[in-house]
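Please study the sequence and the structure before reading each solution.

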Amino acid sequence: MSVQVRTLDDLLHAPLDADSELTTQEYLVNMGPQHPIAHGSLRVVLRLDGETVKHVIPVPGYVHRGVEKMCEHLTYRQIIPYTDRLDYLSAIMNNWAVAKTVEKAANIPTNERIDTIRTIMSELQRLQSHALWWGVTGMDLGAYTAFLYGFREREIIGEIFEETIGARLTMNYIQPGGLMYDIKPDFAQKVKNLLPYLKGCIEQYETLLSGNVIFQERLRNIGILDGKHAIALGCTGPVLRASGVPYDLRAVEPYGVYDKVNFNVVVGEVGDCWDRYYVRLEEMRESVRIVEQLIDNIPEGPHATIRYNEEIILPEGLHYGQVETARGVFGVFIASDGKNKCPIRLHFRSPNFNNLWIVTAIASGWRIADFISIQSSLDLVIPDIDR
Amino acid sequence: MGMIRSIETVTAQRVIAGKTISVSVVQRKQTPNKLSIAFNAVLGLLKGMWLTLTYFWSPEKVVTRMYPENRDTLQLTERFRGNLRFKFPNETAHKSHAALLEHITHETQTLPEVASEWIRDEDPTRWYHNCTGCSKCEEACPNASIRILTRQGEILEDREIDRFVWRLDSCMFCNACVLACPWDAIEMTGGFENAVYDRRLLVYCLNKLAGPRINLIQDEQDAAVRARMIDPRERFGGPIPMNGAGLPNLPPVALPAPPDVSTGAA
């Protein structure tokens with residue numbers, strides 16, 4: 001396993017090695033930007049020898065919208081709906097990252113109720129995101145049934161979001177200093193009714209895919225990434241934890257009420273696609289555990305500590321905050337001049353961007369079908385890569 | 001070749017970043033001999049197949065919603081963020097809630113001629129609104145989807161709303177305008193069927209009347225003066241880019257003649 005830094009031009013115009021014995025030649029194939037397994041507009045150039053992948057060249061940028069530049073003209077409240085559109089499967093966690101950074105910099109207090117609801121919503125979103133990922137992974141590897149099962153749970157959790165927030169995908173829920181809406185009186189009961197059902201669904205996932213020999217053969221010992229290289233490549237989230245590094249911001253730097261609940265950080269031993277698969281399934285069980293502990297006693301209090309129209313101006317300087325989304329560490333870096341309502345510079349550290357580049361290190365030598373497994377196990381969301 | 005028969009997680013303590021945290025390590029128990037592998041492989045396939053098959057005799061587990069067919073019974077939640085709409089406090093007196101929802105859902109579908117029919121048919125008190133034209137929503141909008149045009153009122157001699165222009169085509173339904181409104185004048189509704197054949201119809205006025213807030217009109221005792229405070233506004237029309245206007249290769253939408261706003265517009 002090695003990582004070489006070369007430009008796209010170098011890679012595309014490098015001489016293609018001819019294999020004299022078999023009279024074959026290496027060739028380049030575009031996988032994407034429009035491809036059923038690309039999950040979005042991700043172009044990956046594969047240098048192939050027959051069906052063996054010699055080199056992988058990811059070419060992101062097909063969904064680039066310049067969100068960071070746009071945010072320089074937006075107030076801190078207006079930035080939040082834009083973060084929904086980065087990693088749209090972790091919209092609430094992305095909202096929280098901005099809110100957390102702004103609250104810390106501008107000394108905006110929160111209360112116990114806000115933190116608890118934020119944590120519950122984040123964990124529900126994590127469940128929703130992993131359910132979708134599970135279904136999509138099944139579909140990528142040829143099991144269409146899994147896709148329908150994954151979407152079933154996603155929709156059922158989506159109903160809860162729709163009742164409380166009013167949207168299913170782009171929530172814009174967590175605001176600096178509070179929440180957009182308070183939860184409804186029957187929210188806790190509805191979530192409590194849902195949890196046993198979700199546990200049953202995770203068992204169904206095990207029956208449908210985990211126990212399937214074809215599925216196992218396509219994931220086991222494929223695309224092994226060791227912990228050292230995972231850290232060196234900057235990957236986070238389940239991808240890093242599957243390689244045996246127990247780094248989870250919820251446990252390492254607790255925010256919200258994560259320091260008041262018991263949960264285990266799930267780690268793998270081998271670091272192959274199977275570990276990345278199974279770590280996510282176990283994380284779903286841990287998420288259910290976290291919600292179970294919190295849902296019974298949501299403290300009383302207001303759902304926002306500042307008025308919506310209150311002007312937020314951050315003090316001069318550099319501000320950084322990060323949260324653990326369903327895919328890894330999402331960080332917000334804000335440079336403020338202390339005078340304007342808008343940041344003068346802003347950067348999102350998105351987990352998918354770093355997670356994407358490990359394919360350059362681990363996919364070489366595997367077949368195209370194995371590359372599909374590797375890409376699925378990374379759980380990429382393309383708008384988060386391009387931003 | 002192998003077969004992962006059961007997955008166990010072992011709880012342990014690990015140190016990371018100077019902190020001891022409890023982890024559960026995913027471990028695999030692999031079946032050793034070939035006969036066992038074959039047996040478990042077939043068993044795993046059959047189990048999955050069985051789960052799928054159960055849907056044949058228990059169709060109540062199916063959660064599919066037949067969307068276009070169930071339009072009549074479709075219940076959207078109260079907070080659902082669909083089309084932006086003015087709140088008309090007098091409106092529920094005129095229509096039942098169900099009829100109102102129906103009206104909201106299909107409002108954007110109607111042709112401009114139909115949308116302006118109310119001017120001829122209906123009582124204007126129904127369209128009294130809470131909007132003062134303070135532009136808080138315009139400031140809060142991240143996409144500049146809202147444009148507030150105000151005018152100088154004749155009777156009250158104060159700025160008042162002339163046209164509240166909403167661009168559906170660039171709206172991202174983030175709810176910022178509704179939260180920013182100090183007067184509770186707008187709301188997001190259950191309307192989500194927004195497809196039209198002409199994108200010029202995606203920019204339009206939300207207010208039906210140009211004039212002051214409802215309470216300022218209702219405080220006035222003289223009916224003749226009340227009538228002079230307000231002017232009708234159509235859904236489409238007025239000096240707004242793309243609001244029915246022509247585009248390259250597209251002629252203007254055939255609209256009723258717009259009222260003369262050159263004297264009152266901001």
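**Exercise 1.** Determine which residues of α15(A) are buried in this predicted model.

*Solution.* Step 1: the buried residues of α15(A) are D370(A), F371(A), I372(A), S373(A), I374(A), Q375(A), S376(A), S377(A) and L378(A). Step 2: nine of the 11 residues of the helix are thus accounted for, and α15(A) is mostly covered. Step 3: D379(A), which follows α15(A), has a positive phi, near 55 degrees.

**Exercise 2.** State which residues I374(A) touches, leaving aside those up to four places away in sequence.

*Solution.* Step 1: under this condition, the partners of I374(A) are I222(A), G223(A), C273(A), V359(A), I362(A), A363(A) and W366(A). Step 2: the largest nonpolar core has 108 residues, and I374(A) is among the four that touch the most other members, together with I92(A), V98(A) and Y173(A). Step 3: another core, of 35 residues, lies apart from that one and includes C141(B), I146(B), L209(B) and F236(B).

**Exercise 3.** Describe how α12(A) and α15(A) are oriented relative to each other.

*Solution.* Step 1: two packed helices are described by the angle between their axes and the distance between the axes. Step 2: the axes of α12(A), residues 273-295, and α15(A), residues 368-378, come within 9 Å and cross at roughly 30 degrees. Step 3: angles under 35 degrees count as roughly parallel, so α12(A) is roughly parallel to α15(A). Step 4: their crossing is left-handed. Step 5: C273(A), R276(A) and Y277(A) of α12(A) make the contact with S373(A), I374(A) and S377(A) of α15(A). Step 6: by class, these contact residues are three nonpolar, two polar and one charged.

**Exercise 4.** State how many residues each chain gives to the contact between chain A and chain B.

*Solution.* Step 1: chain A gives 40 residues and chain B gives 38 residues. Step 2: among the elements of chain A that each supply at least two residues to this side are α7 and α12. Step 3: the side of chain A that touches chain B has 19 nonpolar, 13 polar and eight charged residues.

Definitions and conventions
Residues numbered from 1 in each chain as written. Chains lettered and ligands numbered in written order. Predicted model: local features only at pLDDT ≥ 70, side-chain atom pairs only at ≥ 80, totals over all residues. Axes fitted to C-alpha atoms, helices over the stretch in contact; angles between N-to-C directions. Helix = DSSP H or I, 4+ residues; strand = E, 2+ residues; numbered from the N terminus. Parallel < 35°, antiparallel > 145°, perpendicular 65-115°, else oblique. Left-handed = near helix turned anticlockwise from the far one by under 90°. Contact = placed C-beta atoms within 7 Å. Nonpolar A, V, L, I, M, F, W, Y, C, P; charged D, E, K, R; others polar. Core = buried A, V, L, I, M, F, W, Y, C linked by C-beta atoms within 7 Å. Buried ≥ 20, exposed ≤ 12 C-beta atoms within 10 Å, placed from the backbone.
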